[in-house]
Amino acid sequence: MNETAHTPVLLQEVLEGLAVMPGGWYVDCTIGLGGHSRAILEASSPSGRLLGLDADPQTLEQARLRLSEFGSRARLVCGNFSELARIAHENGVTQANGILMDLGLSSWQLADADRGFSFQQNGAADMRFNPEKGNSAADLLNTLPESEIAELIWKYGEEPESRRVARAIVAARPIRRASDLAGIVAGAIRKRGKIHPATRTFQALRIAVNRELESLEEALPQAAQLLAPGARLAVISFHSLEDRIVKTFFRNESRDCICPPGLPGCVCNHRAIVRMVSKKPITPGPREIAANPRARSAKLRIVERLGVAS
Ligand SMILES: C[S@@+](CC[C@H](N)C(=O)[O-])C[C@H]1O[C@@H](n2cnc3c(N)ncnc32)[C@H](O)[C@@H]1O
């Protein structure tokens, strides 16, 4: 197992955005190596508690080691944030004083050849956050019809040459190794840009394998419901597909009416449950991007639960 570190993105902005204070329950839905969680536990010291989730059992074990000094203040659970309400309930968290989602994967997962996330590594083309659940990327690529592979690469990777890529993949089956897949994709792509030609295809496969967008859509309403009045939900996204889901959810849930325009009166009876803390997303400055290039595409959006804090 590699020892690559993971630098938490927009750390100060998250702490300020969540207004972390001593006491209460904080929930980190994507604990990773615990960088944000450590800072939250320190800022909420001595009595603040943290419920940390990760879908990846290996990552969770790392977080457990790294946060052991906080003892029972940190409660760590292996699970998907799409089941946030159930997991919170089972762990005695009825209301959260702040919730964080730092989406995607960590540098630690990317650097582990055995996980298949990186096109630069020779591990099996797996890409599952939890290698014991669901189908791997190789399973999908070796069984789906060409048209479905092309659609997936287009939908989740926005790869303009998705059809050519799908054709090359099907011709080269069976696909086993991430590096072989990268070579097949690179050979199929005609237009070369600044990024590695397999970047978009790898992103698409990871999103599909882990149902990342569906999980996010399922988790956001549960997170908003779990917030105590006046508490905040912060979400860091790394690509436009994720950010669109977060932005749409935050916009809708901060409005009293979400009827389509042009109706004579409101028929939806929708009521706002949050307010947007800032209209525009918070992004890293040049210094953070220079120190941690992974941060360059990060967007942090924050909402605050309406109601009077008790
Ligand atoms: C960007 S990393 C988080 C890094 C973390 N904030 C830190 O400072 O170390 C994202 C983490 O979320 C996990 N993850 C992604 N989707 C998830 C989901 N639906 N449910 C739970 N964990 C998820 C990944 O396994 C990964 O460890």
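1. A pocket here is an open set of grid points with protein on both sides within 12 Å along at least five of seven lines, and its lining residues have an atom within 4 Å of a point. The model is predicted, and the notes below should be read with that in mind.

2. The largest pocket holds about 1,000 Å³ of space. Its lining is made up of 26 residues, and those nearest the centre are L110, T199, Q203, R296 and S297. By class, 10 of the lining residues are nonpolar, 11 are polar and 5 are charged.

3. Which elements each supply at least two residues to the lining of the largest pocket? They are α5 (107-111) and α10 (199-209). The greatest contribution is that of α10, with 5 residues.

4. The second largest pocket has a volume of about 350 Å³. It is lined by 17 residues, and A55, N80, N130, K133 and N210 are nearest its centre. This lining divides into 5 nonpolar, 7 polar and 5 charged residues.

5. Rolling a probe the size of a water molecule over the atoms shows where empty space is left. In this structure there is 1 cavity of 30 Å³ or more. The largest cavity contains about 420 Å³ of space. Its lining counts 33 residues, with T30, F81, D102, L103 and G104 closest to the centre.

6. The largest share, 4 residues, comes from α11. Sorted by class, the cavity lining has 12 nonpolar, 14 polar and 7 charged residues.

7. Where does the ligand sit? It is placed in the largest cavity. The ligand is surrounded by 26 residues, and the closest of these are H36, D54, F81, D102 and Q109. The shell around the ligand consists of 9 nonpolar, 13 polar and 4 charged residues.

8. The ligand taken alone exposes 610 Å², and 98% of that is buried by the protein.

9. Most residues other than glycine have a negative phi, and most peptide bonds are trans. The following places depart from that and deserve a look. The peptide bond from S45 to P46 is cis, with omega near 5 degrees. P46 belongs to the loop between α2 and β2.

10. A cis peptide bond also joins R173 to P174, with omega near 0 degrees. P174 is found in the loop between α8 (162-172) and α9 (178-188).

11. L10 lies in the segment before α1 (11-18).

How values were computed
Residues numbered from 1 in each chain as written. Predicted model: local features only at pLDDT ≥ 70, side-chain atom pairs only at ≥ 80, totals over all residues. Heavy atoms only, no water. 1 Å grid on protein atoms, 1.4 Å probe; cavity = no way out; pocket = protein on both sides within 12 Å on 5 of 7 lines; lining within 4 Å. Points joined across faces, edges and corners; volume = space filled by probe spheres on them. Nonpolar A, V, L, I, M, F, W, Y, C, P; charged D, E, K, R; others polar. Near = heavy atom within 4 Å. Areas by Shrake-Rupley, 256 points an atom, 1.4 Å probe, with all protein chains shown as cover. Sits in = over half its atoms within 2 Å of the grid points.
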